[in-house]
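Please look over the sequence and the model before reading on.

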Amino acid sequence: MFRVTTEPLNVQQVNDLVKRHTDGAVVTFDGIVRNNFDGRLVRYLEYEAYAAMAEKKLAEIGAEVQQKFAVGEIAMMHRIGRLDIGESSIVIAVAAPHRHAAFEACAYAMDRVKAEVPVWKKEFFADGADHWVNQN
Amino acid sequence: MQIIVKLFALMREKAGTDTIPLELPTGAAVTQAVATLVGQYPILEPYMANTRFSLRMDFVDPETLLAEGDELMLIPPVSGGA
């Protein structure tokens, strides 16, 4: 499953989506909102997406990961809208017969998301300022 | 021909809108759409060097030819994930 949603993410649910009886491992990455950027205190974030293309890119990355690594099912969910500190912005779950492939595939999938999926993060700082990450 | 340009994130805020219709010569390429857009919205010019383009949910080269009714998405550097 590859989805962009405004709803809170349920890590266990994404984890459970990918399990098959032939798998010995699920590696799940839970990306959460951090309270600082370059030493500045962050109050909350807003994520914006070109949602239709983002879901298509997530699915393409999923297929690419399955080509490259000995893994089974993969699921990726990205949350958009306002997120508070500690909330999950992305959850990636990869199941595999053996753990090494699942660890590597999960890390690779996350790197690809950060490069190719049209989602943008805006940080709102405690001092009242805000900025779009990587856009100035 | 007419096309629609869609903006996101910082460029959307700078332009004050997410949708800009453009009138272009038939057979114009993405680069011509960008030149026309920047002519109308000079405030967007500084961001173009780092902008990618998308048509029908795929990234395309700046040399790609446009067709009547196309929706050209301007994709700033992405920053999704965590």
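## Basis of the description

The model is predicted: local features need pLDDT of at least 70, side-chain atom pairs count only at pLDDT 80 or more, and totals for chains, interfaces and linings use all residues. Residues are numbered from 1 along each chain as its sequence is written, while chains are lettered from A and ligands numbered from 1 in the order in which they are written.

## The four-stranded sheet

Chain A contains an open sheet of four strands in the order 1-5-7-2, with mixed pairing. Strands (E, at least two residues) and helices (H or I, at least four residues) are DSSP runs numbered from the N terminus, and two strands pair if DSSP finds at least two bridges between them. At the edges of the sheet are strand 1 (2-5) and strand 2 (25-32) of chain A, each of which pairs on one side only. On average, and with direction ignored, neighbouring strands of this sheet are turned by 10° against each other.

Eight bridges join strand 2 of chain A to strand 7 (residues 88-96) of chain A in the antiparallel sense. Here Thr28(A) stands opposite Ala93(A) of strand 7.

## Helices on the strands

Helix 2 (residues 51-68) of chain A packs on the sheet and touches strand 1 and strand 5 (74-79) of chain A; its direction makes about 150° with that of strand 1 of chain A. Axes are lines fitted to C-alpha atoms, for helices over the stretch in contact, and angles run from 0 to 180 degrees between N-to-C directions.

Helix 3 (residues 99-116) of chain A lies across strand 2, strand 5 and strand 7 of chain A and runs at about 145° to strand 7 of chain A.

## Pairings of strand 4

Strand 4 (residues 40-49) of chain A pairs in the antiparallel sense with strand 3 (residues 36-37) of chain A over two bridges. In their hairpin, which has two residues between the strands, Asp38(A) takes a positive phi near 50°.

Strand 4 of chain A also pairs in the antiparallel sense with strand 8 (residues 119-125) of chain A over seven bridges, where Ala49(A) has Val119(A) as its bridge partner. With strand 6 (residues 81-84) of chain A, strand 4 of chain A forms four antiparallel bridges; the bridge partner of Leu45(A) there is Leu83(A).

## Contact with chain B

In chain A, 23 residues are in contact with 14 residues of chain B, contact being counted when C-beta atoms, placed from the backbone, lie within 7 Å. Strand 2, strand 4, helix 2, strand 7, helix 3 and strand 8 of chain A each supply at least two residues of the side of chain A that touches chain B.

Conventions
Contact = placed C-beta atoms within 7 Å.
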